[in-house]
Amino acid sequence: MTATSVQLIKHDNGIHHFVLDRPEARANLMDQQFTNDFAAATELLLASDWRGLVIRSAKDTFFAGGDLTALSQVNDDNAPAFFEMVETLKRCMRRLETAGKPVVAAINGAALGGGWEMCLFAHHRVALNRPHVKMGLPEVTLGLLPGAGGVTRTVRLLGLQTALPLLTEGKQLSPERALKAGLIHELADDQTGLIARAEAWAATHPEVSQPWDEKGYKIPGGTPSQPAVARTLPIVPAMVRAKTHGCLPAPEKILACAVEGAQVDFDTATRIESRYIVELARGQVCKNLINTFWFQLNDIKAGKSRPPQEQSTALGKVAVLGAGMMGAGIAYQCATNGIEVVLKDIDKHTANKGKEHARALLQKRIERGALSEAEAESILARIHATDIPDDLANCELVIEAVFENRELKENVTREAQTHLPDTAIIASNTSTLPITGLARAAEHADRFIGLHFFSPVEKMPLVEIIRGAQTSDATLAQAYDFVQQIRKTPIVVNDSRGFFTSRVFGTFTHEGMAMLAEGIHPALIENAAFLAGFPVGPLAVVDEVSLTLLDKVRRQTQADLRAEGQDYPHHSGEAVLDRMLELNRHGKAAGQGFYQYPAKGQKHLWPELVTHFDVQPEKITLQNAKDRLLYIMALETLRCYQAGVINTVRDANIGSIFGIGFPAWTGGALQFVNQTGLQEFLARAESLAETYGERFTPPEILINAARDNTPFSDSGASDDR
Amino acid sequence: MTPDAYIFDALRTPRGRGKASGTLYEVKPISLLTQLLQALHARNGQFPTDQVDDIVLGCVTAVGDQGADIAKTAALAAGWQDNVAGVTLNRFCASGLEAVNMAAQKVRSGWEHLVVAGGVESMSRVPMGSDGGAWALDPATNANTGFMPQGIGADLIATLAGFSRAELDEFAMHSHHKAAKAWAKGAFDRAIVPVRDANQFVILAQDETIRPDASLDSLGALKPSFADMGAMGFDGVARAKYPEVERIHHLHTPGNSSGIVDGAALLLMGSQTAASQWGLKPRAVVRATALVGTDPTIMLTGPAPAARKALAIAGLTAADIDLYEINEAFASVVLRCAHELKVPLEKINVNGGAIAMGHPLGATGAMLTGTLLDELEARDKQFGLITLCVGGGMGIATVIERV
């Protein structure tokens, strides 16, 4: 017998098993081979003398879900075949579900996406009560919808109102929460109990059908034709768009699929669902998301940007110098991940304030029910607030997080290293100052590195690791592993002014200010950013970081460039910066910037911007405004890639989204170039350069890529096929 | 030569508050219509009902009590002869005026000579929106077309034009004061047919929602109607289409928006042939009808372009028009239209409007036509123009001239 991914095992009592066991693989996967095997096994079962069916997995997980490689390759040519595969799979599920005999899913491990859909058609679901057993439909996070019955069955099981958040947010549930939500029926304590319970239920329920196949069944909460649902429905698409900015099609399609399916019979609903999954899989956004958030992020997690030969150890004790917002956030992040932290500042009071910040963050988690008081206390106990330099002894890593001032940072480094063990790594949390220069203050420049955290640390997933000219492979490897140890996502960049993220981020803020300098309405600038998918507009973000900081960075850059005998390239946005500083509007912290911050109510744009910058209506189309923001960042990323500031496409993509808010729908700043089409991107950049200035001039690397028609990708990436 | 379309008579019911507490809640929409049909025939009794070619009625929410072609049903219920046809139409808020326009077009075609036009809406019994529809309820259509409730559009109009809450409230206050004065001087006497029960007891003889004592204080105390739903998501829909707007100022309240009411209206229209044959006196001629479509998201900017289109057809300018009826769906709609057409407010809605008396969706256009004609006669003026904003971004206008 050839290997099959669905093995039918017959038992004398007629309660047969489907054993899901993809040959030569760690996990079960929903692909064409699985579909064929599932169909064959279904035929065999239905032809046999059976009384019930238990579906179980031979892997650690129950079922991993759809084959993302295949899904990301659905195109206009193979779409009909993909539709056929989905329909075949679902026909099998439907035949088993309507055969009148009990089908039980024995869920031993994670059952996500397609894996959970393999459970949903069962009449009864038993799950192993272990933390690694997660259930849910995360398809939406990769731009897809649960197309193997997930939308149709969840709506019929829970009703539209309860099903939609699960479907559109892709939440994953623990066994206990799934039980409470009515998604599973029983918990088991161990593998033996799991199978025993599944078999027992099948044996004691010889004649069963799904609720939705019973006479008189009504969808819980009603259908769209009923006033209770009809009253609330008109605003739901607007609510979805408020979250997606109109840029992500999957949540909208899920909503449409759920509502349309609720108005027809099951078999029609499931066909509508198949049409929607094909539509999404064909679309570009789904490919962008799978590329970056699946393949590339997995490569980063697997350490593809880390020097492969170097060993490292999990760190037990680190020091953070500077207990401001940033330092306190880093200390919190380390402590919550089991690391002892010395949080040092110049006086005990300031250091304690940093610890209080961590306490406040923990308090919020306690209030949300995400943490117990005892857990919070043990985390806090790991943070040692101090002003005594000797407390740095035994720290394996010290992260300096003092103000962005070269002299101060250098002094702090000099002082710290006299108290540190000789093997310790010194990291600077600088966002702009070149690491190689800062390393001069260190005795061991090979053990000096940049760890650029983003604010607020506890929320922002990225850490930009900056490798100085003398940073060793061993130091880089240790830093990389440390970032993962505290559950952040590392990208690796080479040393240069502004590194990667600050440099690209600067083009976004300055483009926003340049538009205002041209008399474009500030609301349009901010709305264009929102509608392009950015989390926040450039003017709002300048207020957040403060105009004062932008000015300081500019002065530092000017001074450094002068020292190097280079010219400072002026940006048309700087006129706005200067004028705003003249007007004493320094940003949010100062209480006024591009926005007004009333004591009561929401912030709003300062009305006088319109007069100070001679704002005229309809100076630019929305599309041009959106493109200026997207293209200027993508072009700067290309320049960084060309100059070797950033070495991999995955780091550029993930870094741009996780660090500086480049819209997720694009798949990142370089994937945005790929997804637009190289020639199209080049032509558009050229036209933007003609209209809006030389900063849009395409770099060589883009011209070459467009000429050769070779999209930007990494060699040895896991999606190389 | 194209025959002219004349208006012979126009009548309406009083408007009752469109809630269970409203006086007309107990009256079936079919009863509103049968009483009006009987009154229309009684007042113009020389024509045999079998000479009526068609009854064209606006009815927006044509389900339940108002479902299944209530125009034909009403003709039967009113005892009109079997060979009278009837049709209901839905052009959202313009349905009543669309019925008038369609009747005019039927007459001008030369193929029909005597047509009843009008409309009915019992908003207390058949709530607005209860007919469903893909625009609001189909998520794919809703999202693709930028669906947004009219109220947000009205607030967006106010935001774009910079209207203040006080300006809107002032307009609303005047609507109430004008309506109260109009009733007092008998401006509606000719048109009003009181609603009665089977015993001929009067159930309602006057419009029910007018507040003669409306003041800026009383109106200013009301809370904005659309702020919450705007914040939940619809403001974002508006900003996506109007990106130079940072935030929508939610200024419309129940006080400066049209009232939800019950009511019906009918006009008797026809050709010179019918007039001569049945001794009917032409009071006005329909000079032009026009429809336009504008941005469906802001939705309520159709009146000015529709008016301009109708004026061009009639060979007139805005200044030639003596009196306007611009439906008071929301205060900002009328103010914007007045600005766009450069018409002084003194010429507009001189006897009040839907803010004071209510907007029974399917009937309003027909009511406005009758009101305008009565007032042109009272003032001995020549030209009048009726226009309404319409769902889906449409606009409608009709120019009438006294004869």
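Predicted model: local features only at pLDDT ≥ 70, side-chain atom pairs only at ≥ 80, totals over all residues.
View 1. Phe34(A) belongs to helix H1 (residues 32–47) of chain A, whereas Phe63(A) sits in the loop between strand S3 (52–57) and helix H2 (68–71) of that chain, so the pair ties together parts that are 29 residues apart in sequence. Phe34(A) is buried, at 2% relative accessibility, and Phe63(A), with a relative accessible area of 1%, is buried as well.

View 2. Phe226(B) lies in the loop between helix H8 (216–220) and helix H9 (227–241), and Phe330(B) in the loop between strand S10 (323–326) and H12 of chain B, so the pair ties together parts that are 104 residues apart in sequence. Both Phe226(B) and Phe330(B) are buried.

**View 3. An aromatic cluster in chain A.** One aromatic cluster is formed by Phe508(A), Phe534(A), Tyr631(A), Phe662(A), Trp665(A), Phe672(A) and Phe681(A).

**View 4. Helix H7(B) packed on helix H12(B).** Helix H7 (residues 165–185) of chain B packs with H12(B) at an angle of about 95°, and the axes of the two helices are 9 Å apart. H7(B) and H12(B) are therefore roughly perpendicular to each other, given that angles of 65 to 115 degrees count as such. H7(B) contributes Glu167(B), Leu168(B) and Phe171(B) to the contact, while H12(B) contributes Ala331(B), Ser332(B), Val334(B) and Leu335(B). Sorted by class, the contact of H7(B) with H12(B) has five nonpolar residues, one polar residue and one charged residue.

**View 5. Strand S8(B) and the strands that pair with it.** Strand S8 (residues 261–270) of chain B is mostly covered, with ten of its ten residues buried. Both faces of S8(B) are covered: on one side lie Val261(B), Gly263(B), Ala265(B), Leu267(B) and Met269(B), and on the other Asp262(B), Ala264(B), Leu266(B), Leu268(B) and Gly270(B), all of them buried. Strand S1 (residues 6–12) of chain B runs antiparallel to S8(B) and is joined to it by six bridges, with Tyr6(B) standing opposite Gly270(B). Strand S5 (residues 114–122) of chain B also pairs with S8(B) in the antiparallel sense, over nine bridges, and here Leu114(B) has Gly270(B) as its bridge partner. Strand S2 (residues 16–17) of chain B pairs with S8(B) over two bridges, again in the antiparallel sense, and Arg17(B) stands opposite Val261(B) of S8(B).

**View 6. The cis peptide bond between Ser455(A) and Pro456(A).** Most peptide bonds are trans. The bond that joins Ser455(A) and Pro456(A), in contrast, is cis, with omega at about -5°. Pro456(A) is placed in the loop between strand S15 (448–453) and strand S16 (462–467) of chain A.

**View 7. Positive phi values at Glu618(A) and Asn349(B).** Most residues other than glycine have a negative phi. Glu618(A), which is not a glycine, has a positive phi near 55°, and its place is in the loop between helix H25 (609–612) and helix H26 (622–642) of chain A. Asn349(B), likewise not a glycine, has a positive phi of about 50° and is located in the loop between helix H12 (331–341) and helix H13 (354–357) of chain B. Glu618(A) counts as exposed, at 71% relative accessibility, whereas Asn349(B) is buried, with a relative accessible area of 0%.

**View 8. The surroundings of Thr270(A).** Thr270(A) is found in helix H12 (residues 266–282) of chain A. With a relative accessible area of 11%, Thr270(A) counts as buried, because buried means under 20%. Leaving aside residues up to four places away in sequence, Thr270(A) touches Glu87(A), Lys90(A) and Thr152(A).

Technical notes. Residues numbered from 1 in each chain as written. Chains lettered and ligands numbered in written order. Heavy atoms only, no water. Helix = DSSP H or I, 4+ residues; strand = E, 2+ residues; numbered from the N terminus. Buried < 20%, exposed > 50% of the residue type's maximum accessible area, 1.4 Å probe, protein only. Axes fitted to C-alpha atoms, helices over the stretch in contact; angles between N-to-C directions. Parallel < 35°, antiparallel > 145°, perpendicular 65-115°, else oblique. Contact = heavy atoms within 4.5 Å. Nonpolar A, V, L, I, M, F, W, Y, C, P; charged D, E, K, R; others polar. Pairing = 2+ DSSP bridges. Phe/Tyr/Trp six-rings, centres within 6.5 Å; stacked < 30°, edge-to-face > 60°.
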